[in-house]
Amino acid sequence: MSYQKDTRYNLYFRPEAEAFGYSEGAEAEQRLLDIVESLHDRSTFSPEYLDNIVDWSTRYHFSRARHCLLRPLDIGPGDRVLELGCGTGAITRYLGETGAEVTAVEGSLARARVAAARCADLPNVTVIADDLQGAEVEGPYDWVTFIGVLEYAAAYSEAEDPYQSYLQAAMRHLEPGGKLVVAIENQLGLKYFNACGEDHLGKPFMGIQDLYQRTGGPRTFGRQALSRVLARAGLPQQQWLYPYPDYKVPSIVLSDAALAHPDFQAHDLLLRSDSEDYSDNRQRIFDEALVNRVLAQNGLLGDFSNSFLVVAQRPEQQAWQPAAMAWTFAAVHRHRGMATETRFVPQSGGSIRVTKRRILPHEPSTLPLADGHTISLNTQDSDYFPGQQMAWAALAAHVRDGNVPALVEALRPWCETLLFAAQVGASPLLPVEDEAAALAAAGMPCAAPGQGATAGAGETAGEPGVDQAATPPGTSGTQAAGTPAAGGAPGSQLGSRGRPLRLLSLPGGMMDLVPFNILTSESTGRHQVIDQEWEVSCPVPAGWVLTRGVMHALQTGLVPHDELGSIARVVIALADACGYHATPDDVERWLALEEQFLRAVSVKAVSHGLYTGTRRPVPMVFPTLASQAHALHEQQQHTHRAEEKAEGLRQQLAAREQENVASLKQIDEGRQREKALEAQIQTLLGSRSWRWSGWLRTLRRRSRI
C-alpha cells in the first residue's frame with residue numbers, strides 16, 4: 001500500500017490526497033475527536049458516550065443504537081470485513097468487538113482520526129483515510145459495507161453512472177462468496193409522506209416528488225429502483241431487511257421472511273417505533289403505527305419502510321440467509337447488563353421461537369432499586385403467540401378521540417386483568433402507615449400473618465407467556481401467595497367503588513404487566529402475557545404498574561387535539577372505572593417510583609416529569625389545520641351575521657332618514673305657506689279698502705258691546 005502511517009492517530013493516509021468535501025465543519029469534527037480521546041472506555045457500550053450526547057450530531061456519532069444495524073448479520077471471528085465510508089467509527093468499533101478482521105476506509109481525514117481513536121485498543125481494526133473508490137486494501141473480504149454511502153455517490157464520483165461506479169469499486173474487494181451490504185434511506189419511506197423533512201435536504205416531500213438535484217447531490221431510491229441498481233451491477237441475489245425507525249438508530253429489524261410469514265404480526269413490533277425528523281420538524285399528518293398496520297395487511301410494509309438494509313450477492317453464489325426473521329433491541333439507555341437482543345427464529349414446522357439474550361452476559365443483571373430491594377432482568381425463551389398487543393386499542397382511542405373516557409374504555413380490559421392478579425396489602429416499596437386500620441376502614445380483607453404484601457421474592461402469579469384461555473385474566477394459571485385483591489378471586493366481581501388502590505400489590509415478577517405485554521389473538525380472543533423481563537425482590541404497588549402502563553400508553557399516538565391533561569387524570573379515571581380509588585398524590589408517588597426504576601436500570605433515564613403536567617403531544621397537521629379552519633369558519637359566520645345585522649340597521653337608518661327628509665320638506669312647505677299667508681295679510685292691511693272700511697269695523701265692535 002502507498003500509505004503513510006500517522007502514529008499519533010494510528011491510521012494510514014496518502015500525503016498527496018486532496019481534501020474530502022464531506023464535513024460537518026472543522027470545529028465540530030475536532031470536538032468529536034476531543035470527546036473520544038477524553039474517554040477512558042471507548043467500547044460500544046461505554047456509558048461515557050451517553051454523557052456527551054447533546055444534539056443530533058453527537059447522537060448520530062455516539063449512540064449505541066448505531067451498532068444494532070449489523071447485529072442481524074452475525075459477523076464474528078474469522079470474518080474479514082471492509083467498511084467503506086466508516087465515518088467516525090460507530091459501527092467500526094462494534095465490528096472490531098465481534099472479533100472480525102476489519103479494514104475501515106473513510107474519505108474525510110478528520111473523521112478517520114475519530115474512528116482510529118475509537119478503535120485504538122483493537123489490533124484487528126485498520127483505519128485508512130482515502131477515497132472509497134481508489135483505496136488500496138488487502139482483500140478479498142467476506143463482507144463489504146456501504147452504510148449511508150451509496151446515496152452520496154453522485155456528489156463524489158465523476159463517472160457517468162456514479163452509483164454503478166461505486167458498486168463496482170466495492171465489488172472488486174469481495175471474495176467469490178462475499179456479500180455487499182447496503183444501508184440507505186428509502187425514497188418512499190413512510191415518514192416522508194408524514195411531513196418529515198428529507199434526511200439529506202431537510203425539506204418535506206422533496207424525495208417522494210423526486211426533486212433531487214439532477215447532478216452532484218445526494219439521492220435515495222425506492223425498493224424496486226434500488227433492486228434494479230444492484231442487479232445492474234451484477235448483484236441480483238438480494239436479501240432485504242428493514243430497520244426501524246431507520247438504519248441510523250435502529251431498535252427493530254424485520255426481514256422479508258417476517259413480512260411473509262402468515263402467523264407473524266410484524267407490524268405489532270412497530271407500535272412504539274416512532275420515525276424521527278432530523279430537521280426537527282414536529283408536525284405530522286397521521287399516526288405511523290396505525291398506518292403501518294394497514295400497510296402490513298396489504299403486503300406493503302417493506303415498500304414503505306424508512307430505510308433498507310440489503311445483503312446483495314452475485315448470482316452464482318449460495319444465497320445468504322439470516323439466522324432469524326426479526327430482531328428487537330433494548331440497548332440504548334440501559335445499563336450494560338440490562339441491554340438485550342430478542343430474536344424471532346422460524347422453526348422447521350412453521351412455528352416461531354422467541355429467544356431473548358443479554359448482549360453483555362458477563363455484566364450484572366441485578367441492581368439495587370430502593371430500601372434494600374433489587375430489580376433483576378430475566379431472559380426466557382418462549383414460543384411465539386400470534387396476537388396483537390392490548391395497547392393497540394388505547395392507541396386507536398388516543399388518536400381517534402383523544403379524551404379520557406375513550407382511553408379509559410380502551411384500557412379497561414387491561415386494567416381488569418391487572419387488578420385480578422393483585423393481592424390485598426401495600427408494597428414494601430411504598431408502605432402505608434397503620435395498614436391494618438386502613439384496610440379495615442376500606443372494608444378490605446386483611447392478609448394473614450406472613451402473607452399479602454410479604455410474598456417472597458420471585459413469587460409470581462405464574463410464568464410469563466402461559467396461555468390464559470382457560471384461566472382468569474391476569475393470573476397466568478396460578479395466584480401469587482397472599483390474600484387476593486377484593487374481586488381477585490375467580491368468579492367474583494372487581495372491587496367496590498372507593499377502595500384505595502394504594503392498598504393493592506402485585507408479585508414482583510408482574511411489574512411489567514403493561515398493555516404492551518399482553519397479546520390478544522384476533523381469531524380466538526385468547527390472551528397471553530409476554531416479555532415479563534423485570535422482577536423486583538418484593539411485591540410492587542398495583543398502582544405503580546397501572547400508572548406505568550398508562551404513562552407508556554400516553555407516549556404513543558399523535559392526537560388531533562389533547563383533552564387528556566395529566567397522567568394522574570387518566571389513572572384516577574381508569575381506577576375508578578374498575579372500582580378503586582386513587583388520588584393525585586398516589587399517582588405522583590407511583591410516578592416517582594417509576595422514575596426511580598428508570599434511574600436504576602438506565603444510564604440516562606427519561607424523567608416522568610415530562611408527563612405529569614399538561615401533556616404536549618406531537619401535533620397532527622391536518623386535524624390542527626382543520627380545527628383552525630373550523631374556528632375561522634365560525635368567526636366568518638359570526639362576522640357575516642354581524643354584517644347582515646349592520647346592513648339591516650343601515651336600511652332602517654336610511655328609511656328614517658327618508659322619513660326625516662319628507663318631514664323636513666313638509667315643514668318647509670308649511671313655512672312657505674305661512675310666509676305666503678303672512679304676505680297676503682300684510683298686503684291686505686296696507687290696502688286702501690282696508691283703511692276705508694276701518695269705521696265699519698269700529699261700529700261692529702261697538703254694536704256687540
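Is Arg232 buried or exposed? Arg232 is exposed, with a relative accessible area of 52%. One caution before going on: this is a predicted model.

Let's stay with Arg232. Its side chain meets that of Asp161 in a salt bridge, 3.9 Å from N to O. Asp161 has 29% relative accessibility, so Asp161 counts as partly exposed.

Now a pair with other accessibilities. Arg548 and Glu594 form a salt bridge through their side chains, at 2.8 Å, N to O. Arg548 counts as buried, at 4% relative accessibility. Glu594 is also buried, at 0%.

Arg71, Asp74, Glu341 and Arg343 are joined by salt bridges that share partners.

Arg31 belongs to helix α1 (residues 26–38), and Asp55 to the loop between α2 (47–51) and α3 (56–62). The separation is 24 residues. Arg31 is partly exposed, at 33%. Asp55 is partly exposed, at 34%. The total count for the model is 31 salt bridges.

Next, Thr355. Thr355 lies in strand β13 (residues 352–358). The cut-off for buried is under 20% relative accessible area. Thr355 has 16% relative accessibility, so Thr355 counts as buried. Beyond its neighbours within four places in sequence, its contacts are Glu341, Thr342, Arg343, Val345 and Asp381. Glu341 and Arg343 are both members of the salt-bridge network.

On to His200, in the loop between α8 (190–193) and α9 (223–232). The side chains of His200 and Glu185 are joined by a polar contact of 3.4 Å. Other contacts of His200, outside four places in sequence, include Glu151, Tyr152, Pro218 and Thr220. Gly217 is 17 residues from His200 in sequence, and the C-alpha atoms are 9.3 Å apart.

In soluble globular proteins, nonpolar side chains tend to be buried together. Here the largest nonpolar core has 64 residues, and Ile375 and Trp414 touch the most other members. A second, separate core has 54 residues, among them Leu180, Ile184, Met325 and Tyr384.

What does Trp414 touch, not counting residues up to four places away in sequence? Its partners include Met390, Leu513, Pro515, Ile518, Val545, Gly549 and Leu574.

How values were computed:
Residues numbered from 1 in each chain as written. Predicted model: local features only at pLDDT ≥ 70, side-chain atom pairs only at ≥ 80, totals over all residues. Heavy atoms only, no water. Helix = DSSP H or I, 4+ residues; strand = E, 2+ residues; numbered from the N terminus. Buried < 20%, exposed > 50% of the residue type's maximum accessible area, 1.4 Å probe, protein only. Contact = heavy atoms within 4.5 Å. Polar contact = N/O pair within 3.5 Å; in protein donor to acceptor, adjacent residues only side chain to side chain. Core = buried A, V, L, I, M, F, W, Y, C linked by side-chain atoms within 4.5 Å. Salt bridge = Lys/Arg side-chain N within 4 Å of Asp/Glu carboxyl O.
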